Amino acid sequence: MEKRVTFNERWLPYLLVAPQIVITLVFFFWPSGQAIWQSVLLEDAFGGNTRFVWFDNFAHLFNDPNYYASARLTLVFSFLVASLGLAVSLLLAVMADRIIRGASLYKTVLVWPYAVAPAVAGVLFGFLFNPSVGVVAWGLTAIGIEFNYVINGNQALLLVVVIAVWSQISYNFLFFLAGLQSIPKSLIEAAAIDGAGPGRRFWDIVFPLLSPTGFFLLVINIIYAFFGTFGIVGSLTQGGPGQATNILIWKVYNDGFRGQDLGGSSAQSVILMIVVIALTFVQFRFIERRVHY
Amino acid sequence: MTRTLLSSVAAAAVLVSAQVASAQTEIQFWHAMGGNLGETVNALAEGFNKSQSEYKVTPVYKGSYTETLTAAIAAFRAKQAPHIVQVFEVGTANMMAAKGAVYPVYQLMADAKEPFDPKAYIAPVYGYYSTPDGKLLSMPFNSSTPVLYWNKELLSKAGLDPNKPPTTWPELGEMAKKAIAAGAKCGFTPQWQTWTMIENYGAWHNLPYSTLENGFAGIDVELKFNDPAHVKFIQMLADWSKDKTFVYGGREGKSTALFNAGDCVFHIASSGSAAGIEKALGAGKVGIGMMPYSPDVIAKPQNSIIGGATLWVLQGRPAAEYKGVAKFLSYLSTAPVQAKWHQETGYVPITVAAAELSEKEGFYKKNPGRDVAVKELTLNPPTVNSKGLRIGNFVQIRDVVDEELEAVWSGKKDAKAALDEAVKRGNELVKRFVAANK
């Protein structure tokens, strides 16, 4: 049974969609077009001395070991964020699914971190883990771990991963919970009757049925790790110490706005845009194939 | 009927408000001075506005130095540039190379027929922002220089005289080690390590930062700060970090938190941090003095170079408005205004007259140590190595130096490898700047 909405006037649907179209054009297509245009130019910051240089900016990037280092770092970073984020939120969703009392309390609390903006999350954790005055840092020192993310690059990266995962758990949790609750109880009961233990039930029945959700979340988490973590890096480490947290999206901002290298920064933006388009394409093709109704 | 009435009232209100045109010419002044500093800037603008009725200066706080510069660039490209924008000293070369964007101050003053005496300004401040033949490009506003702060209590606890600071780096090391033995958590921490430990170390010891007179004689420079003296100095600090004689506190101004918490004995930081530090520790507990020097590199220190920012005038506004800009810049350089700015902030007074006025008012007697900055800047007439720096893409070069130094502090590289790599990466950035500005 299909629902169909009909309009009396022919122009009404276009008028209703128009604001969204305008916003998409102004805030998405126009800047993207500008980035593509600027990526083939070499100019000084004020625009007085602009030269068309074909793909020089891209060539310069591909010859820059720092760009490759940043790309490798971003891959490692997004792998950590996605895998940890999905694992922890799946665990929480499975646990929340079984609770009868206080379910809404747990769900509310678990959804709360999503409302915190990435930059604010960075500041919050910055206070907690500050080497001089942070409560958690003090606690770590008390048990013998010297935590100083200002000097130690690996600790800085770990901290940024923790913050990113913390922020994204809510989103993953909601989707996993919905996915779990849409699995017919009859399947699980049948497996239990047949003698399958909880582990077997999970891995053989729940997990495969959850996989479309899981795959969707995987792509969303990777995109988040690539782009949404900008606020965390910006407010906590600014790419340091020593490039340990210099992920690609931060490098775009740093080179463009601090370094005023608009051509190089635009080239990096174009490359990232291609990456996310490819990811979205992959997601759509696979999701369409594997969704079970 | 009511709807028509309401909409016509609204339309009339809009028309009326649009017709209220101000007879005053408005001058937009974009700056990066937040908090207390911003209030002082507003007070300065108020003073100018009250002193005459033709022009009205509107200061607008745009965020950090980087954000302010980005906003000005975007506004300029949209042909809506402010008249005056405050740009940090590391942006000097980029500003100078911006064809057609900048209105040099010496030209502005001449065109507006404003009296302007270059000799009234303190030499290193003036020289940093002038062409090699002495023509001023941007108006100095808030300049600072690094000074040595020390925690008097921690020195006393170590059995040392709290009013006698170290004069050389080896002395500082010894005193720091004694203080640590008596219980201090850290010996020495620097603020803005690229500015204090590399750039100012070079100027203080008359060592070049790059060829072509540190960029004053041309943009196609080669960096030179990986000379043996710098390498030895950084290696010394790296060795000191093993027993916390040296502690790295983070980039830019982050390490001041360590000193303010009473953990560190010595702190080299901007003179502009004086007010904040004295508030945190108590004015009587902090000493302010000249930076130490390395006696094996130079017999007596040369002079220090400035940090901070200047006011650049941008093109693109109607010609008549620039007369007001010139008047405002003159007003800012008068002795009472500069003295007030200097005393309330800790930035250096940019004219000799303002320093003398502060002296006459007894400010330095009441606040000992606040005159150290000017003394450091005027210690000797600047050489080609100590006039300042004018290097393109300098923000990124400083980031590179920060990264390489961080590799030294975390033990990943030794000083020589790090400084050599910093020079190599920096030279590439310079080449890119030259290519973009040919």
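Biologist: How many helices and strands are there in chain A?
Modeller: This is a predicted model, in which local features need pLDDT of at least 70, side-chain atom pairs count only at pLDDT 80 or more, and totals for chains, interfaces and linings use all residues. Residues are numbered from 1 along each chain as its sequence is written, while chains are lettered from A and ligands numbered from 1 in the order in which they are written. Helices (H or I, at least four residues) and strands (E, at least two) are DSSP runs, numbered from the N terminus. The count for chain A is 12 helices and two strands.

Biologist: Which pattern does chain A follow along the sequence?
Modeller: The C-alpha trace of chain A spans about 75 × 70 × 30 Å along its principal axes. Read along the sequence, the pattern is α-β-β-α-α-α-α-α-α-α-α-α-α-α.

Biologist: At roughly what angle do the axes of α7 (residues 153-181) and α9 (residues 198-228) of chain A cross?
Modeller: Axes are lines fitted to C-alpha atoms, for helices over the stretch in contact, and angles run from 0 to 180 degrees between N-to-C directions. The axes of α7(A) and α9(A) come within 10 Å. Their crossing angle is roughly 150°.

Biologist: Are α7(A) and α9(A) roughly parallel or roughly antiparallel?
Modeller: Under 35 degrees counts as roughly parallel, over 145 as roughly antiparallel, 65 to 115 as roughly perpendicular and the rest as oblique. With a crossing at roughly 150°, α7(A) and α9(A) are therefore roughly antiparallel.

Biologist: How many nonpolar, polar and charged residues does the contact of α7(A) with α9(A) have?
Modeller: Two residues are in contact if their C-beta atoms, placed from the backbone, lie within 7 Å. Phe175(A) and Phe176(A) are among the residues from α7(A), and Leu210(A) and Leu217(A) are among those from α9(A). Ala, Val, Leu, Ile, Met, Phe, Trp, Tyr, Cys and Pro count as nonpolar, Asp, Glu, Lys and Arg as charged, and the others, Gly among them, as polar. The contact has nine nonpolar, five polar and no charged residues.

Biologist: Now the interface. Which helix of chain B gives the most to the side that touches chain A?
Modeller: In total, 30 residues of chain B are in contact with 21 residues of chain A. α3 (65-77), α4 (92-97), α12 (256-260), α19 (394-409) and α20 (415-436) of chain B each supply at least two residues of that side. By class, the side has 14 nonpolar, 10 polar and six charged residues. With seven residues, the helix that gives the most is α19(B).

Biologist: On to the sheets of chain B. What is the strand order in the open sheet of five strands?
Modeller: Two strands pair if DSSP finds at least two bridges between them. The pairing in this sheet is mixed, and its edge strands are β2 and β4 (139-144) of chain B. Neighbouring strands are turned by 20° against each other on average, direction ignored. The order is β2-β1-β3-β9-β4.

Biologist: Which residue is the bridge partner of Met139(B) in β9(B)?
Modeller: β4(B) and β9 (residues 307-313) of chain B pair in the antiparallel sense over five bridges. The partner of Met139(B) in β9(B) is Leu311(B).

Biologist: Which helix makes a right-handed β-α-β unit with β1(B) and β2(B)?
Modeller: Seven bridges join β1 (residues 25-31) to β2 (residues 55-61) of chain B, and the two strands run parallel. Right-handed means that, with the strands pointing away from the viewer, the path from the first strand over the helix to the second runs clockwise. The helix is residues 35-51 of chain B, α2(B).

Biologist: How many nonpolar, polar and charged residues does the contact of α2(B) with α15(B) have?
Modeller: The axes of α2(B) and α15 (residues 335-345) of chain B come within 10 Å and cross at roughly 165°, which makes the two helices roughly antiparallel. Leu44(B) of α2(B) and Trp341(B) of α15(B) are among the residues that make the contact. By class, the contact has four nonpolar, three polar and one charged residues.

Biologist: Which strands are at the edges of the open sheet of four strands in chain B?
Modeller: The strand order is β6-β7-β5-β8, with mixed pairing. β6(B) and β7 (residues 264-270) of chain B run parallel, joined by four bridges. Each edge strand pairs on one side only; the edges are β6 (186-190) and β8 (286-289) of chain B.

Biologist: Which helix lies across β6 and β7 of chain B?
Modeller: Cys186(B) stands opposite Cys264(B) in β7(B). The helix across these strands runs at about 130° to β6(B). It spans residues 169-181 of chain B and is α8.
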